[in-house]
Amino acid sequence: SFPFNLILAHFTFPDGVVAAWLGHHYKIPVIITEHAPWKPNWMDKNTMVRWQAIWAARKCASLIAVSTSVKDTIVHFTGQTEKVRVIPIGTDGSIFTTPQNLNKEKKKQVLYVGFINFNKGVDILLKAIHRVIKRIPDTKLLMIGGGFYKNTLRQEKQLRSMAKDLGVDSHIEFAGIKSPIEVAKYMRESALLVLPSRAESFGAVLVEALACGTPVVATRCGGPEDIVTDEVGILVQKEDDNALAHAIELVLTQQKMYDPAKLRAYALDNFSWERIANKTIDLYKETIGK
């Protein structure tokens, strides 16, 4: 006997490969959730990984991608459009809430939440803030996040030095790692959240900020395209500090364009835990019923 109706795995390799093998052996359906894009350069260099990942994707009943961009990379290798479903990452609306005074204009604080590294585009953000300060001198950049790995810590050290070289270190606070409750507080206090990444599978901090009634600025780097609309923020091309600076300035000077209640409604209507859970459960039921 086998007392399970469904096998779930996160990431196609290696977890999904093992799940697909178990599903094949025990004749149990498998669902894999993929959080990362299938990068051609990496997949082409690792032929055994590529073969196993494609095999697992074809064996599973469904493959969940956390964004359209992640789905596109999977379909590129597997050609199975109908099997890959987009179900994004949800957000906790009980932690990420709007401020009590929705109509109060916030101070000119720009918030960044994430690893302090180059993949996240922090170097581009520093250059953009350098431009913004010239036109809006009271702008402050609050950086929340940090790392544990040697390479990430090395990059953070380089970026802190870069801030000093640009002469913007007095306008920047590196606050370190904070709890979700503390992050939500800073989101409510900030005029906007910025995500300047070179690549993002999704961009959960964008949804969290919107749930707090805070508009967002992000780069077109994958996941943010599924989240950011003209009504809730601004999307710019990645690695363009001039465009990023212009977008930050627009939001700082036109805060009244973004209604916090509408931003929160958009976030919860599309990305609340309840909504995402229901989508996922529906897929489970559909899969088991096949």
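Glu 286 counts as partly exposed because its relative accessibility is 34%, where buried means under 20% relative accessible area, exposed over 50% and partly exposed in between, computed with a 1.4 Å probe and protein chains only. The model is a predicted one, in which local features need pLDDT of at least 70 and side-chain atom pairs count only at pLDDT 80 or more, while totals for chains, interfaces and linings use all residues. Residues are numbered from 1 along each chain as its sequence is written, and side-chain values use heavy atoms, with hydrogens and water left out.

The side chain of Glu 286 meets that of Arg 85 in a salt bridge, at 2.5 Å from N to O; a salt bridge here is a side-chain nitrogen of Lys or Arg within 4 Å of a carboxyl oxygen of Asp or Glu. This pair links distant parts of the chain, since Glu 286 belongs to helix α11 (residues 273–289) and Arg 85 to strand β4 (residues 84–86), 201 residues apart. Helices (H or I, at least four residues) and strands (E, at least two) are DSSP runs, numbered from the N terminus. Arg 85 is also partly exposed, with a relative accessible area of 29%.

The structure holds ten salt bridges, and another of them joins the side chains of Asp 241 and Arg 131, at 2.7 Å from N to O. Asp 241 lies in helix α9 and Arg 131 in helix α5, so this pair ties together parts that are 110 residues apart in sequence. Asp 241 counts as buried at 18% relative accessibility, whereas Arg 131 counts as partly exposed at 32%. Within helix α6, Arg 160 and Glu 156 lie four residues apart, about one turn of the helix, and they form a salt bridge whose closest N and O atoms are 3.2 Å apart.

Helix α5 (residues 122–135) has 14 residues, which at 1.5 Å a residue should span 20 Å, and its end C-alpha atoms are 20 Å apart, in agreement; the expected span is 1.5 Å times one less than the number of residues. Among the buried residues of α5 are Val 122, Ile 124, Leu 125 and Ile 129, and what covers the buried residues of this helix includes β5, β6, α6 (150–166), β7, β8 and α9, contact meaning heavy atoms within 4.5 Å.

Several of these strands belong to an open sheet of six, in the order β7-β6-β5-β8-β9-β10, with parallel pairing; two strands pair if DSSP finds at least two bridges between them. The edge strands, β7 (172–176) and β10 (233–236), each pair on one side only, and the twist averages 20° from one strand to the next. Five bridges join β5 (residues 109–113) to β6 (residues 140–144), and the bridge partner of Leu 111 in β6 is Leu 142. Helix α9 (residues 241–253) packs on the sheet, touching β5, β8 (192–195), β9 (216–219) and β10, and its direction makes about 175° with that of β10, with axes fitted as lines to C-alpha atoms, for helices over the stretch in contact, and angles running from 0 to 180 degrees between N-to-C directions.

Finally, Phe 202, Tyr 266 and Phe 271 form one aromatic cluster. Rings of Phe, Tyr and Trp (its six-membered ring) pair if their centres lie within 6.5 Å, and planes under 30 degrees apart count as stacked, over 60 as edge-to-face and the rest as tilted. The structure holds three aromatic pairs; the rings of Tyr 266 and Phe 271 have their centres 6.2 Å apart and their planes at 70°, so this pair is edge-to-face.
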